[in-house]
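This report describes the fold, the surface and two local features of one protein chain. The sequence and coordinates follow.

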Amino acid sequence: MKIIVCIKQVPDTTEIKLDPVKGTLIRDGVPSIMNPDDKGALEQALLLKDQYGAEVSVITMGPPQATAIIREAFAMGCDKGYLISDRRFGGADTLATSYTISHALKTLDYDIILAGRQAIDGDTAQVGPQIAEQLDLPQITYVEHVDYDGKNTLTVMRNVEEGHEILEVETPCMLTFLASAYEPRYMNVSDIMTAFDKEITTLTADSFPVEEERLGLKGSPTRVKKSFTKGAKAMGTLYEELTPEEAADLIIEKLKEKFII
């Protein structure tokens with residue numbers, strides 16, 4: 001079995017700052033991490049490797065420094081790594097990103113493609129499903145657990161608003177995972193030692209057939225007009241030593257003030 005996990009390097013959003021004039025993210029000095037949902041997908045791939053001897057590859061699209069998360073994946077036990085990097089990919093929205101990644105994936109062998117549900121820097125949850133659509137693959141999203149029959153059928157538990165769904169899907173397929181699916185394993189010492197010995201294959205716009213007008217900013221039908229942080233809320237009022245009846249009256253009064261009732 002060959003598994004490819006789509007991962008992304010994202011800024012640690014607990015420390016994000018915005019340029020008040022340009023409305024863009026200030027990335028200088030902000031640490032970058034592997035996207036948390038992607039780690040759920042990566043752990044699933046490594047579990048299948050542990051159980052069935054699967055070959056696990058990771059692929060990411062980004063600038064040269066994105067190799068850091070590929071090295072991290074190597075240190076967790078992955079076998080191969082691919083970096084999709086080219087200035088012509090810059091400024092891509094989800095459609096241009098999925099177009100690029102899917103065409104890179106067409107040049108690789110896989111039985112299953114895994115990815116995180118969404119990236120914490122965009123929160124769109126669009127790239128995974130769009131890749132599946134571009135590759136004409138069956139897909140299951142919001143995955144929390146997978147069982148494999150050892151042949152070509154996966155039994156998948158996905159999280160939905162009302163609870164969980166249990167679905168079966170045959171390979172090849174694509175699954176997108178929640179960060180809560182699995183606790184990611186720690187990097188082990190032996191794989192840390194060899195992580196920098198493994199070769200990362202870099203793919204550019206010349207590495208696979210693409211229509212250049214569909215790449216990067218030029219191929220992106222959406223634009224971010226402005227980004228801004230949420231305004232600070234005024235300090236609330238604390239009410240103490242109220243009887244249940246007084247508390248109920250106060251809540252009703254506040255709801256009426258806000259025209260909720």
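## Overall architecture

How many helices and strands are there in the protein chain? There are six helices and 13 strands, taken as DSSP runs (helices H or I, at least four residues; strands E, at least two) and numbered from the N terminus. This is a predicted model, in which local features need pLDDT of at least 70 and side-chain atom pairs count only at pLDDT 80 or more, while totals for chains, interfaces and linings use all residues. Residues are numbered from 1 along each chain as its sequence is written, and side-chain values use heavy atoms, leaving out hydrogens and water.

Along the principal axes, the C-alpha atoms fill a box of roughly 65 × 45 × 40 Å. Of the contacts (heavy atoms within 4.5 Å) with a separation of 6 or more, 71% join residues 24 or more positions apart.

## Burial and surface

Of the 261 residues, 41% count as buried, meaning under 20% relative accessible area with a 1.4 Å probe, protein chains only. The chain exposes about 15300 Å², of which carbon and sulfur atoms supply 52%; the areas come from the Shrake-Rupley method with a 1.4 Å probe.

## Helix α1

Helix α1 covers residues 36–52 and reaches 25 Å from its first C-alpha to its last, close to the expected 24 Å, which is 1.5 Å times one less than its number of residues. Its buried residues include D37, D38, E43 and Q44. Just after α1, G53 takes a positive phi of about 70 degrees.

## T97 in helix α3

T97 lies in helix α3, residues 94–105. The residue is buried, with a relative accessible area of 17%. Leaving aside residues up to four places away in sequence, T97 touches M61, A92 and V127.

Note on methods
Buried < 20%, exposed > 50% of the residue type's maximum accessible area, 1.4 Å probe, protein only.
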